[in-house]
Structure formats: C-alpha cells, structure tokens
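I opened this notebook to record what I looked up in the model, entry by entry, with the cut-offs written beside each term.

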Amino acid sequence: MMNDHKLNFAKPDLIKYTKIFEVYRKTLENSTENAKGEIKLYAEYPREISDFQRIFFNSDLVDFEYDRTMNERGWYNEKKLAEDIGTMSKKEAGTCLTAIFRGERFCAGLINEYVKNGIIVEILKHLSEIE
C-alpha cells in the first residue's frame, strides 16, 4: 500500500542537511580511503546521509519521472546540471536529487561524487532559498 502522505522539507531541515552534506564533503576531500583505486560493490554512508535519503524518499520532492526530465534538460551532464541549479523550481531540484539517490543503486559511490563536486550542497542551498 502506497503512503499518500508525503513530508514537506521545512527550511530549517534543508539548512540542517546542507550543513551535514558540507561537513561530509570536507571529510571526503580529506579522505585517503580507496586511494589504491579498489573497486567496491557498494558505498557506505554516514547515518545522517542515510537518514536524509530515507526522509527524502518520503517527501514531496521525489519525482518518479526523474529520468525523462533529466534527459530532456541534459542534467545527466554534471556541468549543465551545476549551471542550472540557480534557476530550478522546487520540483526540478527534487528531480535531480531523485536521480542522484536512485542512481546510487546502479553506480556505487554516485552520491559521493555529487557530494564531492558540490552539486548536492548547491541543490539543498537553492531549495532552502526558494522554500
């Protein structure tokens, strides 16, 4: 049975998680983990990041048609995605986060890549500004 009640992210929550992702980004930048280029079958994330994902997938930001929108806008190209963040609607920002978090199922470590390049933080900042 599908849950029809979706949570709304309030501005304080977005700011809180923006800070968590910023700290996690710094941790990744200073990490020597996987310096040998080993292939991992899955990525492990801090509890706060996993909590965000769980809350996100129960929120009104999830876009089940994310793949179509990502392709139409050219947002699978990280450069194009980064350029467009400042003009995104709430729905479009949710589309991008959905694609990143769903993409993790097919590409272990994808979330880390979007944390390292700053895109997740920028999307969360933008959401807190337009909220």
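Is Asp 63 buried or exposed? I found Asp 63 to be buried, at 5% relative accessibility, where buried means under 20% relative accessible area, exposed over 50% and partly exposed in between, computed with a 1.4 Å probe on protein chains only.

Provenance. I noted that this is a predicted model, in which local features need pLDDT of at least 70, side-chain atom pairs count only at pLDDT 80 or more, and totals for chains, interfaces and linings use all residues. Residues are numbered from 1 along each chain as its sequence is written, and side-chain values use heavy atoms, with hydrogens and water left out.

Overall make-up. I recorded seven helices and zero strands for the chain, with helices (H or I, at least four residues) and strands (E, at least two) taken as DSSP runs numbered from the N terminus. Of the 131 residues, 40% count as buried. I also looked up contacts, meaning heavy atoms within 4.5 Å: among those between residues at least 6 apart in sequence, 76% join residues at least 24 apart.

Salt bridges. I found 13 salt bridges in the structure, each being a side-chain nitrogen of Lys or Arg within 4 Å of a carboxyl oxygen of Asp or Glu. Asp 63 takes part in one with Lys 91, the closest N and O atoms being 3.5 Å apart. Lys 91 lies in helix H5 (residues 90–103) and Asp 63 in the loop between helix H2 (47–56) and helix H3 (66–73), so the pair ties together parts that are 28 residues apart in sequence. Whereas Asp 63 is buried, Lys 91 counts as exposed at 55% relative accessibility.

I then looked up Lys 125 and Glu 122, which form a salt bridge with closest N and O atoms 3.7 Å apart. The two are three residues apart in helix H7 (residues 119–130), a separation of about one helical turn. Lys 125 is partly exposed at 30%, and Glu 122 is partly exposed at 37% relative accessibility. Elsewhere, salt bridges that share partners join Arg 47, Glu 48, Asp 51 and Arg 54 into one network.

Helix H5. I checked the length of H5: its 14 residues should span 20 Å at 1.5 Å a residue, and its end C-alpha atoms are 20 Å apart, which agrees; the expected span is 1.5 Å times one less than the number of residues. Eleven of the 14 residues are buried, so H5 is largely enclosed by the rest of the structure. The buried residues of H5 pack against helix H1 (11–29), H2, H3, helix H4 (78–84), helix H6 (110–116) and H7.

One of these buried residues is Thr 95, with a relative accessible area of 1%. Leaving out residues up to four places away in sequence, I list its contacts as Leu 61, Asp 63, Tyr 66, Thr 69 and Met 70.

H3 against H5. I read off that the axes of H3 and H5 come within 9 Å and cross at roughly 110°, the axes being lines fitted to C-alpha atoms, for helices over the stretch in contact, with angles from 0 to 180 degrees between N-to-C directions. The two helices are therefore roughly perpendicular, a label for angles of 65 to 115 degrees. The contact is made by Tyr 66, Thr 69, Met 70 and Arg 73 of H3 and Glu 92, Thr 95, Cys 96, Thr 98, Ala 99 and Arg 102 of H5.

Conventions:
Angles under 35 degrees count as roughly parallel, over 145 as roughly antiparallel, 65 to 115 as roughly perpendicular and the rest as oblique.
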